Amino acid sequence: MNTLEVLPSQYHSALGLDRGDIFNPDSYLSKSTIWELYQSSLFKWRNYPRQFKPTPAMSWGSLVDCLVTSPDDFENQFVMSPFDSFRTKEAKQWKEDCTQDIVTVDMVAKAKGAAAILTGGHKVAAEIIERSQTQVVLLNKIQHPASEKTVNLKALLDFAPEGVDYLADLKTCHDFTANGFEKAIGNFGYHVQAAHYLSMWNMQHPDDQRDRFLIIWQDSAAPYEVAVTEIPGADIADGADLFNHLLGRIVRAADKDDWPMQYTKPILLGRAAYAAINEGIEMDGYSTVNS
């Protein structure tokens with residue numbers, strides 16, 4: 001398959017996932033859909049997928065990302081609200097029918113200021129952005145060892161800089177500290193994302209191999225400071241193992257059409273649960289107390 005540079009709005013609408021038949025040639029698995037299984041069961045993943053409702057933090061991050069990487073796509077992703085509030089019936093109906101992220105004039109102005117910091121206020125980040133292809137779509141068809149059938153994988157890469165050995169992604173965060181970056185990587189599986197993106201890129205670019213992954217972080221609060229970090233190679237390797245494990249579970253379940261719940265066998269609980277329930281309850285003439 002080819003590497004394409006398309007608008008994010010087209011990417012999400014055109015390359016959907018058919019959970020009923022992941023082997024469908026028009027079905028695509030991504031890191032985010034595979035990552036859902038990390039804290040879920042196969043039963044939930046197949047039958048009750050997570051309903052995506054963008055939070056204000058997500059909308060802010062998407063807005064800044066759009067202004068930096070694909071400003072031409074702004075009107076496809078966002079719409080200015082014609083209402084001062086959503087108290088009236090008309091306003092509530094408009095909001096319910098809206099298919100784009102709703103933004104305000106003030107929000108856009110602040111996001112443009114944050115984008116300016118990324119493209120001009122931080123030298124390293126600005127250089128990465130300046131020399132990059134942006135919003136690069138990566139598509140590959142693979143056969144996982146768990147099945148003889150093939151599945152489509154997809155990825156939407158923020159930055160593919162020319163003439164270097166790394167790829168890069170943009171993240172906004174509220175805990176703008178080294179510890180905060182590390183927690184975000186673990187909590188949201190950014191090391192898994194890095195492994196997936198690098199693998200997809202390298203499969204499609206045999207003469208342009210990349211083995212490093214950088215994240216451009218921006219504080220979601222003014223003055224919108226920026227930092228650039230690199231995910232350690234060992235973490236990327238761990239991410240690749242986890243990605244393949246989760247993908248294998250999905251492929252194996254789809255191949256057998258067997259989507260079990262998380263707990264399929266009786267569970268023997270430890271004494272800690274019993275002790276917690278009975279703490280302070282009178283039993284046989286005495287009361288349990290903490291020692």
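Reply: The account below begins with the helix packing and then turns to the rest of the chain.

This is a predicted model, in which local features need pLDDT of at least 70 and side-chain atom pairs count only at pLDDT 80 or more, whereas totals for chains, interfaces and linings use all residues. Residues are numbered from 1 along each chain as its sequence is written, and side-chain values use heavy atoms, with hydrogens and water left out.

The chain holds twelve helices and eleven strands; these are DSSP runs numbered from the N terminus, helices being H or I with at least four residues and strands E with at least two. One of the helices, H7 (residues 105–121), packs against H4 (residues 56–69), their axes coming within 9 Å and crossing at roughly 55 degrees. Axes here are lines fitted to C-alpha atoms, for helices over the stretch in contact, and angles run from 0 to 180 degrees between N-to-C directions. H4 is therefore oblique to H7, given that angles under 35 degrees count as roughly parallel, over 145 as roughly antiparallel, 65 to 115 as roughly perpendicular and the rest as oblique. The crossing of H4 with H7 is right-handed, the term for a near helix turned clockwise from the far one by less than a right angle, with anticlockwise giving left-handed.

On the H4 side, this contact is formed by Ser59, Trp60, Leu63, Val64, Leu67 and Val68. H7 contributes Met107, Val108, Lys110, Ala111, Lys112, Ala114, Ala115, Leu118 and Thr119. Contact means heavy atoms within 4.5 Å. By class, the residues of the H4 and H7 contact comprise eleven nonpolar, two polar and two charged. In this scheme Ala, Val, Leu, Ile, Met, Phe, Trp, Tyr, Cys and Pro are nonpolar, Asp, Glu, Lys and Arg are charged, and the others, Gly among them, are polar.

H7 also meets helix H8 (residues 123–130), and the axes of H7 and H8 come within 6 Å and cross at roughly 90 degrees. H7 is thus roughly perpendicular to H8. Leu118, Thr119, Gly120 and Gly121 of H7 touch Lys123, Ala125, Ala126 and Ile129 of H8. The residues of this contact divide into four nonpolar, three polar and one charged. Leu118 and Thr119 of H7 take part in the contact with H4 and also in the contact with H8.

A further pair is H10 (residues 190–204) and H11 (residues 233–256), whose axes come within 7 Å and cross at roughly 85 degrees. These two helices are therefore roughly perpendicular to each other. His191, Val192, Ala194, Ala195, His196 and Leu198 of H10 are in contact with Asp235, Ile236, Gly239, Ala240, Leu242 and Phe243 of H11. Here the residues count as eight nonpolar, three polar and one charged.

Asp72 lies in the loop between H4 and helix H5 (74–77) and is exposed, with a relative accessible area of 73%; buried means under 20% relative accessible area, exposed over 50%, and partly exposed in between (1.4 Å probe, protein chains only). Asp257, in the loop between H11 and helix H12 (271–278), is exposed at 62% relative accessible area and has a positive phi of about 50 degrees although it is not a glycine. Gln135, likewise not a glycine, also has a positive phi of about 50 degrees, but belongs to strand S5 (residues 132–142) and is buried, with a relative accessible area of 3%.

For the chain as a whole, the C-alpha trace spans about 75 × 55 × 40 Å along its principal axes, and buried residues make up 43% of its 291 residues. Of the contacts between residues at least 6 apart in sequence, 67% join residues at least 24 apart. The accessible surface comes to about 16,900 Å², with 51% belonging to carbon and sulfur atoms; such areas come from the Shrake-Rupley method with a 1.4 Å probe, and for residues only the protein chains shown count as cover.
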